Amino acid sequence: MHEGAIVHSLLEIAKDIRIKEELNEITEVKIVVGKFHQIVEEVMIANFDFMKTEYSGFDNAILLMTEKEVSVKCEDCKHEFTIDEPIFMCPKCDSFNTELISGKELYIETIEGMKE
Amino acid sequence: MDKTEIKVMKKILSANDKIAGELRKDLADMGINFINLMSSPGSGKTTIMERTARELGNNICVIEGDIQTTLDAERVAKAGIQTYQINTGAFGGDCHLESAWIRSAIDEMDLTGIKTLFVENIGNLVCPAEFDVGAHTNAVVLSVTEGEDKPLKYPLAFQTSSLCIISKIDLLPYLDIKIEEIKENIKMVNPKMKVIELSAKTGEGFENWINFLK
């Protein structure tokens, strides 16, 4: 249930932004999650809907989550490819000399709110 | 009222990552190597700590993370080293440790003369991998009884770690498991991962772990 801790952190950031930007209310929080994280969208949304009640100005807020593919680069032949399974082998030259280049993202992209 | 969109582009765990980064630097400045051990429950982390304490003496200390009980800390303390128990029950029964809790723990510990600080993270291979605790080395402990497929099933833990300790190798004669298949699967997920095979019970292979720590 690490999703609870992650949602808590994102609500804390969103709360600070609401105050700084003088928003009356937050309507949407858009996050980007790399597929390498073991984060379940439904669990994130359920936690968000439950925990947002502790924060003022979040009654109508929704959480939108976009997933990002896991991309890998082969250090030998420089081929870049995406993987669906955690197998870091280059499909072109069979090398294991590879590096993860994306798929571990976990950030807030935008926050939408109402302002007078 | 007008609708407005604000571009944020901020890491969700930035508060945790900031403390983790500070911890990593502070401990390095003090000459202390910080190793975070992650595994499923019952992989043998505490037995490895007990034997490590017997072999390396009191220049190591251990922070034990558990949801409940002080049983692991009591076991390791019997080996004569300083231990600190974090029970996450007080934090809502969390399934992982975060950097702020490690910071609070070390603020209460006496780190004089300490060369290596270990954290035994909460026993599961999912949640602890998501949170940087500020360690210099993240390590996974995988016992041979858990099956060959675990690196493929819990890739983040293996991807965020640079060392895998394959434990309980004294049990291999009684199991159908092939240690080469475990290592093959580790290579699939993290080709650069270092692997140490050992038994904390018989001491077989333990010198490789001790040499790694020295």
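Two strands count as paired here if DSSP finds at least two bridges between them. Keep that in mind for the close-ups below, which show a predicted model.

**View 1. Strands S3 and S5 of chain A run antiparallel to one another.** Strand S3 covers residues 70-74 of chain A, and its antiparallel pairing with S5(A) extends over four bridges. Look for A:Cys74, which sits opposite A:Thr98 in S5(A).

**View 2. An open sheet of three strands in chain A.** The strand order is S4-S3-S5, with antiparallel pairing. S4 (80-83) and S5 (98-102) of chain A are the edge strands; each has a single partner strand, so one side of each is left without a neighbour in the sheet. From one strand to the next, the twist averages 35°. As a reminder, strands of a sheet pair through backbone hydrogen bonds, either parallel or antiparallel.

**View 3. The largest nonpolar core, with A:Leu10 and A:Val29.** This core holds 77 residues, and A:Leu10 and A:Val29 touch the most other members. Helix H1 (residues 2-20) of chain A supplies the largest share, seven residues. In soluble globular proteins, nonpolar side chains tend to be buried together.

**View 4. A:Leu10 and its contacts.** Which residues does A:Leu10 contact, leaving aside its neighbours within four places in sequence? They are A:Val29, A:Ile31 and A:Ile108, along with B:Ile12 from chain B.

**View 5. Confidence in the model.** The scores are ipTM 0.93 and pTM 0.92. Chain B has an average pLDDT of 93, and 98% of the residues score at least 70. Where pLDDT is low, the predicted coordinates should not be read in detail.

Technical notes:
Residues numbered from 1 in each chain as written. Chains lettered and ligands numbered in written order. Predicted model: local features only at pLDDT ≥ 70, side-chain atom pairs only at ≥ 80, totals over all residues. pLDDT = per-residue confidence, 0-100. Helix = DSSP H or I, 4+ residues; strand = E, 2+ residues; numbered from the N terminus. Axes fitted to C-alpha atoms, helices over the stretch in contact; angles between N-to-C directions. Core = buried A, V, L, I, M, F, W, Y, C linked by C-beta atoms within 7 Å. Buried ≥ 20, exposed ≤ 12 C-beta atoms within 10 Å, placed from the backbone. Contact = placed C-beta atoms within 7 Å.
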